[in-house]
Amino acid sequence: MNLTDLPADARPREKLLARGPAALGDAELLALLLRTGVAGCNVLQLAQRLLDEFGGLAGLLQAGAEDLRRIRGLGGTAKRAELIAVLELARRAMAQQLGERTVFEAPDAVKRYLQLHLSGHGHEVFAALFLDSRHRLIALEELFRGTLAQTSVYPREVVKRALHHHAAAVVLAHNHPSGSVQPSRADETLTQTLKAALALVDVRVLDHVIVAPGQALSMAEAGLL
């Protein structure tokens, strides 16, 4: 069954054009990309299956080609290629925005950008946004990966990457696969350790953002920096 087989008032394309994209749910928007379902599963059901499999849009944004291949109906290349292209465009659009303006002119965009890259991982990932003297994005790098519960972070390596990018400031970030964005005592200690190490080379730590599916916490905004 494809979208044209659905009742007129249930077709995502017509609903979007009549009422705007905000009127559509996540599955409906995804169905517009997929266009057709598979035997025994219409396109809206296929879209919902994808969201369920990856834990919502945040998880889907982390999916790669092989992850998508596992889903019945996405074994071919066309649908997978289109989805991957759209997901990558979303990441690049946000990176461009952060590269053209001071990150703290768009703090919510910083959080969304980090969620796109980190929140879907099933293990902890520590990353850094390297910024120029005007606090515009130079690069995002995933620096360390760990288990479900912890990541070993080496201050020396963070300093080396900051010097490599000629960064004037950084925003630190990591994910909590558990789903909670509340910083642990270890998170606070690590932040202060990195802040001191980077200060030795005149690089400021502007924030440490913790992300999980659907949410993010700024340690700077929480007064923990």
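This is a predicted model: local features need pLDDT of at least 70, side-chain atom pairs count only at pLDDT 80 or more; totals for chains, interfaces and linings use all residues.
The expected span of a helix is 1.5 Å times one less than its number of residues.

**Entry 1: helix α7**

I looked up α7, residues 107-118, and counted 12 residues. From its first C-alpha to its last, α7 reaches 16 Å, close to the expected 16 Å. I then checked its covering and found 9 of the 12 residues buried. Among them are Ala109, Val110, Tyr113 and Leu114. Lys111, Gln115 and His117 also belong to the buried set of α7.

**Entry 2: the chain as a whole**

I recorded 9 helices and 5 strands in the protein chain. Along the sequence I read the pattern α-α-α-α-α-α-α-β-β-α-β-α-β-β. Of the 225 residues, 44% count as buried. I also noted contacts between residues at least 6 apart in sequence: 59% of these join residues at least 24 apart.

**Entry 3: the sheet**

In which order do the 5 strands of the open sheet stand? I read β2-β1-β3-β4-β5, with mixed pairing. β2 (137-145) and β5 (215-218) are at the edges and have a single partner strand each, so one side of each lacks a neighbour in the sheet. From one strand to the next, the twist averages 20°.

I next examined the pair β3 (residues 169-175) and β4 (residues 204-212), which run parallel and are joined by 7 bridges. Within this pair I found histidine 174 bridged to isoleucine 210 of β4. Helix α9, residues 185-199, packs on the sheet and touches β1 (125-131), β3 and β4. I noted an angle of about 150° between the direction of α9 and that of β4.

**Entry 4: strand β1**

I turned to β1 and found 7 of its 7 residues buried. In a regular strand the side chains alternate between the two faces of the sheet.

I then followed the pairing of β1. To β2 it is joined by 7 bridges, and the two strands run antiparallel. Alanine 128 stands opposite glutamate 141 of β2. The hairpin of β1 and β2 has 5 residues between the strands, and in it histidine 135 takes a positive phi near 60°. With β3, strand β1 pairs over 6 bridges, again in the antiparallel sense. Here I found phenylalanine 130 bridged to valine 170 of β3.

**Entry 5: helices α1 and α2**

At what angle do α1 (residues 12-19) and α2 (residues 26-34) pack? I read about 115°, with the axes 9 Å apart. The crossing of α1 past α2 is left-handed. To the contact, α1 gives Pro12, Arg13, Lys15 and Leu16, while α2 gives Glu28, Leu29, Ala31 and Leu32.

Leaving aside residues up to four places away in sequence, glutamate 28 touches Pro12, Lys15, Ala23 and Leu44.

**Entry 6: valine 43**

I located valine 43 in helix α3, residues 43-54. Its relative accessible area is 1%, so valine 43 is buried. Valine 43 and leucine 30 are 13 residues apart along the chain, and I noted 9.0 Å between their C-alpha atoms.

Conventions:
Residues are numbered from 1 along each chain as its sequence is written. Side-chain values use heavy atoms; hydrogens and water are left out. Helices (H or I, at least four residues) and strands (E, at least two) are DSSP runs, numbered from the N terminus. Buried means under 20% relative accessible area, exposed over 50%, partly exposed in between (1.4 Å probe, protein chains only). Two strands pair if DSSP finds at least two bridges between them. Axes are lines fitted to C-alpha atoms, for helices over the stretch in contact, and angles run from 0 to 180 degrees between N-to-C directions. Contact means heavy atoms within 4.5 Å. A crossing is left-handed if the near helix is turned anticlockwise from the far one by less than a right angle, and right-handed if clockwise.
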